[in-house]
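Subject: Structure handover

Hello,

Here is the structure I promised to pass on. Please open it alongside this note; my findings follow below.

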Amino acid sequence: MKKFLILLIFVSGYCYSQEPVFNFENDKACKITMKGADTYNKADHIERLMEKMMLSLFSYVDTTNSTGYFIVDNFYKVHEIEKLLNNESEMNFIGSEEIQLTEDFFLEIYMKRGRFKPDEFSSYPPKKIIMGPFNKLTDGLYNKASEIWKKKYTIKQ
């Protein structure tokens, strides 16, 4: 029995220590309408909290309309995001909807999270956004954003 428990602890520790990895083809996007995400600091807090809690692989919250865009690997996590938002002071979850994760949409939220304005997208390549201790996730997101940006904005010879 002791050997089984030790093996169980080892296997579960290994599974939970896995770094999240961005997979554009399999991941999903959702749009969440909320109340209270109306300043840069609040939006930044929500983005980082959802990523730190591993509910979202990538998040962007638009302060102009308190709308959050979250890339998740499982839609069950949207319910967890809802619970977390409702537990935050001055925040309220209003509703959510699944949206299609396209290259253009991904590049748009990545650039906005990098604090570029839409009219600057074509002038500046994406900045690497550090996703906490998740190096593979950071690199995967940045590489995908750079690939899309190059395809969209560089002059084809």
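A residue is called buried when its relative accessible area is under 20%, exposed when it is over 50%, and partly exposed in between. By that cut-off, 40% of the 157 residues of the protein are buried. Keep in mind that this is a predicted model.

Overall layout

The protein has five helices and four strands. Starting at the N terminus, the order is α-β-α-β-β-α-β-α-α. The exposed surface comes to about 9,700 Å². Carbon and sulfur atoms supply 55% of that surface.

Salt bridges

Side chains of opposite charge can pair when their charged atoms come close. The structure holds 14 salt bridges.

Start with E103 and K144. Their closest N and O atoms are 3.5 Å apart. This pair links distant parts of the chain: E103 belongs to helix α4 (residues 103-113), K144 to helix α5 (residues 135-153), and 41 residues separate the two. Is K144 buried or exposed? K144 counts as buried, because its relative accessibility is 12% and the cut-off for buried is under 20%. E103 has a relative accessible area of 26%, so E103 is partly exposed.

Next come D104 and K152. Their side chains form a salt bridge at 3.2 Å, N to O. Here too, distant parts of the chain are linked: D104 sits in helix α4 and K152 in helix α5, 48 residues apart. Both ends fall in the middle class. D104 is partly exposed at 48% relative accessibility, and K152 is partly exposed at 43%.

K112 and E108 meet in a salt bridge at 2.9 Å, N to O. Both lie in helix α4, four residues apart, which is about one turn of the helix. K112 has a relative accessible area of 19%, so K112 is buried, given that buried means under 20%. E108, at 33%, counts as partly exposed.

Then there is the network. Which residues do salt bridges with shared partners join into one network? They are E47, E51, R113 and R115.

When you go through the model, I would begin with helices α4 and α5, where the E103–K144 pair and the D104–K152 pair are found.

Best wishes

Terms used: Residues are numbered from 1 along each chain as its sequence is written. This is a predicted model: local features need pLDDT of at least 70, side-chain atom pairs count only at pLDDT 80 or more; totals for chains, interfaces and linings use all residues. Side-chain values use heavy atoms; hydrogens and water are left out. Buried means under 20% relative accessible area, exposed over 50%, partly exposed in between (1.4 Å probe, protein chains only). Accessible areas come from the Shrake-Rupley method with a 1.4 Å probe; for residues, only the protein chains shown count as cover. A salt bridge is a side-chain nitrogen of Lys or Arg within 4 Å of a carboxyl oxygen of Asp or Glu.
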